[in-house]
Amino acid sequence: PNLQVLGAAYLQHKCYSDSSAKKQARSLQAMPKLVKLFNSPNQEVQRHATGAMRNLIYDNAENKLALVEENGIYELMRTLREPDDELRKNVTGILWNLSSSDNLKDRLARDTLEQLTDLVLVPLSGLGASGVIQQNPSEAEIFYNSTGFLRNLSSASQQTRQKMRECHGLVDSMIHYVNSSLEVGKSEDKSVENAVCVLRNLSYRLYDEMPPSSLQRLEGHRRNAGGTVTGELVGCFSPQSKKAREHYLNADIVTFTEVSKDPKGMEWLWNPQIVGIYNRLLQRCELNKHTTEAASGALQNITAGDRRWAGVLSRLALEQERILNPVLDRVRTADHHQLRSLTGLIRNLSRHARNKDDMSTKVVSHLIEKLPGSVGDKAPPADVIVNIIAVLNNLVVESPMAARDIVYFDGLRKLFFIKKRRDSSDNEKSSRAAASLLGNMWQYTKLHRDFKMKGYRKEDFLSL
């Protein structure tokens, strides 16, 4: 054992950052020999063998594959049962390294999820007996490695997403950890970032991939009546009136009873309570942009599409959670990555919003500010521009205030600039979106005088 410790320690040291040493070690059969030592009766040997393997596979696809082919995953999961923190740090570190290889993700999900959830996620997230997160520094690292591993897996195939959603205790652990961290003011925590990214990825295409029985409950009976509630008028009230809004809100509240008040497992992903968790993250997480981007991305996922439930959650976010202000605060300082998910979320909300006038007064000026108006302007990516124009279009179609505000905040100049710019396929898309919006704005005859004062004619609005 002493020599095995020395040999493994030497490999660990040599393979820390030397890629030729990693290659040489593999050619000398290091992989099968180290795997055999993962479960040596000597704990020092175990620690050094796993430590060496962690360095051997880092950034080396061939070594990762060799580890898996030597039945390494099975041996690692056996080692994870040992009550030794150093060892568990190495094992979860190895798993995280392995999961960055796309071709291994599905296999890793199949062979590790249930044990990892039982042995690490449930106890260390505080979901277990105590209900409180109690992690020493080593446990914090073990949990961080494990959530990093899940974050990589959750971006794999539909099959792996399904497996993760269905894994007993996995989603609950992520939710419990995020919730508890918010309660003790630790929203910047790196494991929170990983957990929210997992939730975001598991919310992707959620309504297409969730069990049919759950979807049926969310879609409710009103589907059969043709059209969703939002399209109907209530007696003599227009959809914008206070009475109508109250009626709709009550209708939405009735639908909440269709989902469990005490969500379990994957039910959390679409439960109304999750909107509040993401909203708190947007408000309280000041520094970690990855966390807020993931929270807005998760919200974007659960409010996307035509399904009735996407509309219910959008209206809950707008009317009860009052999410617009925190989202717009983020828009002001967002980088391009964040802008994608934020403007995608606002696009969904604007589509499902009942009071388009109210939403217009809040968002139009902020969004126009982000659009380019001349060649020298720093423009966001094309998909962000298309999202912004889609929001404005969703509002203009039902709200004269939106059209008026676009004129007032110098939106016409920017929209005509975007419309004329067709020098690439991306700009072609935003140009078409701008043309469609301008065409809709021309329908407001009361604004024609304002358009003329700004120097625009009917042909400008209606030409493609």
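Visitor: Before we start, what does "buried" mean here?
Guide: A residue counts as buried when its relative accessible area is under 20%. Please also keep in mind that this is a predicted model.

Visitor: OK, take Ser 360 then, is that one buried or exposed, and why?
Guide: Ser 360 has a relative accessible area of 0%, and because the cut-off for buried is under 20%, Ser 360 is buried.

Visitor: Which helix is Ser 360 in?
Guide: Ser 360 has its place in helix α21, which is made of residues 356-369.

Visitor: And what does Ser 360 touch?
Guide: Leaving aside residues up to four places away in sequence, Ser 360 touches Leu 395, Ser 399, Ala 402 and Asp 405.

Visitor: Zooming out, how many helices and strands does the chain have?
Guide: The secondary structure of the protein chain comes to 27 helices and 0 strands, and the C-alpha atoms fill a box of roughly 90 × 50 × 40 Å when it is taken along the principal axes.

Visitor: What share of the residues in the chain is buried?
Guide: Of the 464 residues in the protein chain, 54% are buried. As for contacts between residues at least 6 apart in sequence, 74% of them join residues at least 24 apart.

Visitor: Is α11 enclosed or exposed?
Guide: In α11, 13 of the 14 residues are buried, so the helix is largely enclosed by the rest of the structure. After α11 comes Gly 185, whose phi is positive, near 70°.

Visitor: What about α7 and α8, how do they cross?
Guide: The axes of α7 (residues 85-98) and α8 (residues 105-124) come within 13 Å and cross at roughly 145°, and the crossing is left-handed.

Visitor: Which residues make that contact?
Guide: From α7 the contact uses Arg 88, Thr 92, Leu 95 and Leu 98, while α8 brings Leu 108, Thr 112, Leu 116, Leu 119 and Val 120. These residues divide into 6 nonpolar, 2 polar and 1 charged.

Visitor: Last topic, which residues does the "repeat: ARM" annotation cover?
Guide: According to an unreviewed UniProt entry, that annotation covers residues 29-72 and 71-102. In the model, residues 29-72 are 75% helix and 0% strand, with end C-alpha atoms 14 Å apart, and residues 71-102 are 69% helix and 0% strand, with end C-alpha atoms 18 Å apart.

Methods: Residues are numbered from 1 along each chain as its sequence is written. This is a predicted model: local features need pLDDT of at least 70, side-chain atom pairs count only at pLDDT 80 or more; totals for chains, interfaces and linings use all residues. Side-chain values use heavy atoms; hydrogens and water are left out. Axes are lines fitted to C-alpha atoms, for helices over the stretch in contact, and angles run from 0 to 180 degrees between N-to-C directions. Helices (H or I, at least four residues) and strands (E, at least two) are DSSP runs, numbered from the N terminus. A crossing is left-handed if the near helix is turned anticlockwise from the far one by less than a right angle, and right-handed if clockwise. Contact means heavy atoms within 4.5 Å. Ala, Val, Leu, Ile, Met, Phe, Trp, Tyr, Cys and Pro count as nonpolar, Asp, Glu, Lys and Arg as charged, and the others, Gly among them, as polar. UniProt positions are given in the numbering used here, feature names are shortened, and annotations may be inferred rather than shown by experiment. Buried means under 20% relative accessible area, exposed over 50%, partly exposed in between (1.4 Å probe, protein chains only).
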